[in-house]
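Good morning, and thank you for coming. Please look at the display with me while I go through a few parts of this structure.

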Amino acid sequence: MDENGAAMRLLGGVEIGLRAGLGAVFVYSGWVKAGNPARFAGEIAAYHLTSQGVATGLALALIGLEWVCGVALWTRWGYRGAVGVLLGLMGVFLGALITAWARGLSLDCGCFGGAVGSVGANYGMWIGRDLLIAAGLGAIGWRAWRGARREGGGVDGMHAD
Amino acid sequence: MGVLRQIAVLVSIATAVAAGVGVWHRHELVWRVREAWAGEIPAATARAWGDAVVWVDARGPAAFARGRIEGALPLDEAGDGRRSGPPRSKHIKGALPLDDAGWEGQRRAVALAAGGDRPVVVYGEDFWDDRADAVARRLRRETGWGKVFVLRGGYAGWMKAGGR
């Protein structure tokens, strides 16, 4: 068996696993928040970075983005765009968590609508988890970008491959 | 260009989804700022004060009977009737009759415990429950005490932070 081919198949398998896992994380996260968007908006407002109105708008927007981008990871429809959006979101989440930590706020991260990890402020765990998710997104984004370059000049449609 | 186009399409679909969720939950969403009580403190601060705190439960008798912060005294303006969760825009303040006789009796008990010197921390059901704000404002106005505070996140936030 060609060793290079086996390695590529292994990488492909890892990528599929990452896409499925990360897609599930974002779809689940959006689903939980959609059950009580007002509470999620309250958790955003508790960061004291936005007004209540902006927090409510952000809550709805994040629910929509997490659902749509999570499904995009599963289906590969709009795949590279979804990875880009989600990486941007992770950057925003990390920034908000770090500033909240620096300001000594005691809050729920709101990451899963209070359903997971909601007992007290555990910034180290939340930041570590977000970094892991961002690393996973970075890995599949890098493979998609490399694939598009290899095909010569990028993909101009909604399908990444 | 391909990625930007993908992002534009995804954001458009996400906006439609967000609008759908917003319409579905339109009665619960809050777009205006809750009237913030300047004396709001986090659970960690109240915990650090330890036994010096006089806890005041503003949630009404039924919620008080179900569970409360250890040693809390009841002090509510209108008994039960205010729900927790985000306020609906047209049903916020003044919709319920005040029970002034009950208030006076409960306030005397709080005054006895506080002795004019201990910090008084009022809590409602959760972040959205503005009964605590109302009770704290009234308590400060009627007694002149400077050390009246509201527990941020209310009873739910206290329990999430470890309770007691």
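Let us start at the loop between α2 and α3 of chain A, where A:H48 is found. The model before you is predicted, and in it the phi angle of A:H48 is near 55 degrees. That is a positive value in a residue other than glycine. Is A:H48 buried or exposed? A:H48 counts as exposed, because it has 12 C-beta neighbours inside 10 Å, and the cut-off for exposed is 12 or fewer.

A second residue of chain A belongs in this part of the talk. A:R76 lies in the loop between α3 and α4, the latter being residues 79–102 of chain A. Its phi is near 65 degrees, again a positive value in a residue other than glycine. A:R76 has 16 other C-beta atoms within 10 Å, so it is classed as partly exposed.

I turn now to helix α2 of chain A, which spans residues 37–45. How many of its 9 residues are buried? The count is 8, and the helix is accordingly described as mostly covered. The buried residues are A:P37, A:R39, A:F40, A:A41, A:G42, A:E43, A:I44 and A:A45. What do they pack against? Within chain A, their partners are α1, residues 3–35, and α3, residues 52–75. Chain B also takes part, through its own α1, residues 2–24.

A word on confidence is in order. Chain A has an average pLDDT of 83, and 84% of its residues score at least 70. Among the elements of chain A, the lowest mean pLDDT, 86, belongs to α2(A), and the highest, 93, to α3(A). Over residues 115–119 of chain A, however, the pLDDT is below 50. That stretch has 10 contacts in the model beyond near neighbours in sequence. Where pLDDT is low, the predicted coordinates should not be read in detail.

Next, please find α4(A) and helix α5 of chain A, the latter formed by residues 123–150. Their axes come within 9 Å of each other and cross at roughly 155 degrees. The two helices are therefore roughly antiparallel, since the cut-off for that class is over 145 degrees. The crossing is left-handed.

Which residues make this contact? On the side of α4(A), they include A:Y79, A:V83, A:L87, A:F93, A:L94 and A:W101. On the side of α5(A), they include A:Y123, A:W126, A:D130, A:I133, A:G138 and A:A148. By class, the contact comprises 19 nonpolar, 2 polar and 2 charged residues.

One further residue of helix α5 of chain A deserves mention, namely A:L131. A:L131 is exposed, because 12 other C-beta atoms lie within 10 Å. The C-alpha atom of A:L131 is separated by 7.9 Å from that of A:L94, although the two residues are 37 residues apart along the chain.

Finally, I come to chain B. Its secondary structure comes to 6 helices and 5 strands. In what pattern do these follow one another along the sequence? The pattern reads α-β-α-β-α-β-α-β-α-β-α. Of the 164 residues in chain B, 36% are buried. Among contacts in chain B with a separation of 6 or more, 68% join residues 24 or more positions apart.

That concludes my presentation, and I thank you for your attention.

Methods. Residues are numbered from 1 along each chain as its sequence is written. Chains are lettered from A and ligands numbered from 1 in the order in which they are written. This is a predicted model: local features need pLDDT of at least 70, side-chain atom pairs count only at pLDDT 80 or more; totals for chains, interfaces and linings use all residues. A residue is buried if 20 or more other C-beta atoms lie within 10 Å of its own, exposed if 12 or fewer, and partly exposed in between; C-beta atoms are placed from the backbone. Helices (H or I, at least four residues) and strands (E, at least two) are DSSP runs, numbered from the N terminus. Two residues are in contact if their C-beta atoms, placed from the backbone, lie within 7 Å. pLDDT is the predictor's confidence in each residue, from 0 to 100. Axes are lines fitted to C-alpha atoms, for helices over the stretch in contact, and angles run from 0 to 180 degrees between N-to-C directions. Angles under 35 degrees count as roughly parallel, over 145 as roughly antiparallel, 65 to 115 as roughly perpendicular and the rest as oblique. A crossing is left-handed if the near helix is turned anticlockwise from the far one by less than a right angle, and right-handed if clockwise. Ala, Val, Leu, Ile, Met, Phe, Trp, Tyr, Cys and Pro count as nonpolar, Asp, Glu, Lys and Arg as charged, and the others, Gly among them, as polar.
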